[in-house]
Amino acid sequence: MRFDAHADQYQNNYSKEENAQFAQIFGELTQEFVVAMNVGQTPSDDAVQALVARHYKFVSQFWTPSREAYKSLAMSYILPSPYRDYYEGVHSGLGKFHYDAVVVWADANLD
């Protein structure tokens with residue numbers, strides 16, 4: 001798997017207001033992943049997989065990732081990156097939890 005399959009696909013041609021809305025939605029999704037972790041759900045639980053489906057739909061507003069590209073994006077949640085730093089700042093282990101959930105969902109739903 002390439003670890004940078006998503007890197008050059010994102011284009012930000014959105015207004016300040018749109019970016020603020022995207023940040024809010026991303027933050028809300030992130031908090032839902034934290035809640036799932038805190039109540040003991042696993043990355044493969046149906047409720048967590050539904051969150052990943054919503055995350056994929058959110059990401060698809062900006063680009064349509066293939067299985068490899070979506071898993072590459074999720075890899076940035078556990079390798080040194082601003083995404084990992086963000087997730088770990090929100091909740092210890094969140095990047096790995098989200099990564100594991102994305103891998104399960106992508107393998108089951110994407111080509």
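A residue counts as buried when its relative accessible area is under 20%, as exposed when that area is over 50%, and as partly exposed in between.

## The chain as a whole

The secondary structure of the chain comes to five helices and zero strands, and along the sequence this reads as the pattern α-α-α-α-α. The chain has 111 residues, of which buried residues make up 40%. When contacts between residues at least 6 apart in sequence are considered, 68% of them join residues at least 24 apart.

As for the confidence of the prediction, the mean pLDDT of the chain is 91, and 89% of its residues reach 70 or more. Over residues 1-5, however, pLDDT stays under 50, and for this stretch the model has 14 contacts beyond four places in sequence.

## Helix 5 and its two partners

Helix 3, which spans residues 67-75, packs against helix 5, which spans residues 94-109, at an angle of about 175° and with the axes 9 Å apart. Because an angle over 145 degrees counts as roughly antiparallel, helix 3 is roughly antiparallel to helix 5. On the side of helix 3 the contact is made by Arg-67, Tyr-70, Lys-71, Ala-74 and Met-75, and on the side of helix 5 by Tyr-99, Val-102, Val-103, Trp-105, Ala-106 and Asp-107. By kind, the residues of this contact divide into eight nonpolar, no polar and three charged.

Helix 2, made of residues 46-59, meets helix 5 in another arrangement: their axes come within 9 Å and cross at roughly 85°. Since angles of 65 to 115 degrees count as roughly perpendicular, helix 2 and helix 5 are roughly perpendicular to each other. Here Val-48, Gln-49, Val-52, Ala-53, His-55 and Tyr-56 of helix 2 meet Phe-97, His-98, Ala-101, Val-102, Val-104 and Trp-105 of helix 5. The residues of the contact between helix 2 and helix 5 divide into nine nonpolar, three polar and no charged.

Helix 3 is largely enclosed by the rest of the structure, because seven of its nine residues are buried. These buried residues are Ala-69, Tyr-70, Lys-71, Ser-72, Leu-73, Ala-74 and Met-75, and what covers them includes helix 2, helix 4 and helix 5.

His-98 lies in helix 5 and, at 1% relative accessibility, counts as buried. Leaving out residues up to four places away in sequence, His-98 touches Phe-33, His-55, Tyr-77 and Tyr-87; with the side chain of Tyr-87, the side chain of His-98 makes a polar contact at 3.0 Å.

Ser-76 and Ser-81 are both placed in the loop between helix 3 and helix 4, where helix 4 covers residues 82-90. Ser-76 is buried at 11% relative accessibility, and Ser-81 is buried with a relative accessible area of 14%.

Gln-61, found in the loop between helix 2 and helix 3, counts as partly exposed at 40% relative accessibility. Beyond its neighbours within four places in sequence, Gln-61 is in contact with Tyr-14 and Phe-22. Gln-61 and Phe-22 are 39 residues apart in sequence, yet their C-alpha atoms lie 9.7 Å apart in space.

| Side chain | Backbone oxygen reached | Distance |
|---|---|---|
| Ser-81 | Ser-76 | 2.3 Å |
| Ser-76 | Leu-73 | 2.4 Å |
| Gln-61 | Phe-58 | 3.0 Å |

Methods: Residues are numbered from 1 along each chain as its sequence is written. This is a predicted model: local features need pLDDT of at least 70, side-chain atom pairs count only at pLDDT 80 or more; totals for chains, interfaces and linings use all residues. Side-chain values use heavy atoms; hydrogens and water are left out. Axes are lines fitted to C-alpha atoms, for helices over the stretch in contact, and angles run from 0 to 180 degrees between N-to-C directions. Helices (H or I, at least four residues) and strands (E, at least two) are DSSP runs, numbered from the N terminus. Angles under 35 degrees count as roughly parallel, over 145 as roughly antiparallel, 65 to 115 as roughly perpendicular and the rest as oblique. Contact means heavy atoms within 4.5 Å. Ala, Val, Leu, Ile, Met, Phe, Trp, Tyr, Cys and Pro count as nonpolar, Asp, Glu, Lys and Arg as charged, and the others, Gly among them, as polar. pLDDT is the predictor's confidence in each residue, from 0 to 100. Buried means under 20% relative accessible area, exposed over 50%, partly exposed in between (1.4 Å probe, protein chains only). A polar contact is a pair of N or O atoms within 3.5 Å; within protein, one must be able to donate a hydrogen and the other to accept it, and residues adjacent in sequence count only if both atoms are side-chain atoms.
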